[in-house]
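Subject: Structure handover

Hello,

Please find the structure below. My notes on it come after.

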Amino acid sequence: MPGLRELKQARVRTKLIAEAMHLFAGRGFEAVTVDEIAAAAGVSRRTLFRYFDTKGDIVFAWASTMTDVLRETMAQAAPDEQPGPAMRRAFTTVIKRIAPTTKECLALVRLIEQSPALRVHSLRKYAAWEESIIDAWRDRLPASDNTHLAASVLARSSIAAFRAALEEWLRCDGRTALAPLLARTFELQRDIFDKDLHSVS
């Protein structure tokens, strides 16, 4: 069980991440300074550097919390829950945790997905998601010579659907709610592979 010191450190770290991402969403990654993040979190610049070496490290820490949410949600899947519904539920949960408001969520998604300075962090996030999904489903899928391959296909296709939904959401400037758009993307993915192409709408 963590002690008071560890709990305080965790609270400070969480506060730094939250305030930094809020500032990044409002003004962009490059425009926000380390001093502004520290001030918003109510700590000194020196304290901030005890937790993070760079602003990019803060973004990666935030992305890691999204990985934790994904992993925890998959772990809650019922033993008989099918991969498709389980992955839709997991990604929908991630969406709800990106930011407290739709406006801030849209700004953060645009920032993370389209900023050249943050592209490496986005790629690292998706790599971590892929590994987490494979680990979560490898032992749940029917055992065969293709089990690892099946888990890999599930991971990559699910992430591809998620990214396609994000791109479409950005393209329409958030006019369509992201969660229903994600559900529709998974439906299209299923239909494109399982139905006659002319029946997909």
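This is a predicted model: local features need pLDDT of at least 70, side-chain atom pairs count only at pLDDT 80 or more; totals for chains, interfaces and linings use all residues.

Residues are numbered from 1 along each chain as its sequence is written, and side-chain values use heavy atoms, with hydrogens and water left out.

The search uses a 1 Å grid over the protein atoms alone: a cavity is a set of points where a 1.4 Å probe fits but cannot get out, and a pocket is an open set with protein on both sides within 12 Å along at least five of seven lines. Lining residues have an atom within 4 Å of a point. Grid points are joined across faces, edges and corners, and a volume is the space filled by probe spheres set on the points. Helices are DSSP runs (H or I, at least four residues), as are strands (E, at least two), numbered from the N terminus.

The largest pocket has a volume of about 310 Å³. It is lined by 17 residues, and those closest to its centre are Ile17, Trp62, Thr65, Met66 and Arg97. Helix 1 (4–27), helix 4 (55–75), helix 5 (83–98) and helix 6 (102–114) each give at least two residues to this lining, with the largest share, 6 residues, coming from helix 4. By class, the lining of the largest pocket has 10 nonpolar, 2 polar and 5 charged residues. Here Ala, Val, Leu, Ile, Met, Phe, Trp, Tyr, Cys and Pro count as nonpolar, Asp, Glu, Lys and Arg as charged, and the others, Gly among them, as polar. Domain 1 (1–52) and domain 2 (55–196) each contribute at least three residues to the lining of the largest pocket; the domain bounds come from an automatic or database domain assignment.

The second largest pocket has a volume of about 240 Å³. Its lining includes Pro83, Arg88, Leu154 and Phe186. At least two lining residues come from each of helix 5, helix 8 (147–171) and helix 9 (178–194). The classes here are 4 nonpolar, 4 polar and 3 charged.

Cavity

The count of cavities of 30 Å³ or more is 1, and the largest cavity has a volume of about 80 Å³. Among the residues lining this cavity are Trp62, Met66, Lys125, Trp129 and Phe162. Helix 6 supplies the largest share of the cavity lining, 4 residues. That lining divides into 10 nonpolar, no polar and 2 charged residues.

Two residues

Phenylalanine 162 lies in helix 8. It counts as buried because its relative accessibility is 2%, where buried means under 20% relative accessible area, exposed over 50% and partly exposed in between (1.4 Å probe, protein chains only). Leaving out residues up to four places away in sequence, phenylalanine 162 touches Phe91, Ile95, Tyr126, Trp129 and Leu182; contact means heavy atoms within 4.5 Å.

Threonine 67, in helix 4, is also buried, with a relative accessible area of 5%. With the sequence neighbours up to four places away left out, threonine 67 touches Lys125, Ala128, Trp129 and Ser132.

Annotation

An unreviewed UniProt entry lists residues 33–52 as "DNA-binding region". UniProt positions are given in the numbering used here, feature names are shortened, and annotations may be inferred rather than shown by experiment. In the model, the span 33–52 is 75% helix and 0% strand, and its end C-alpha atoms lie 13 Å apart.

Regards
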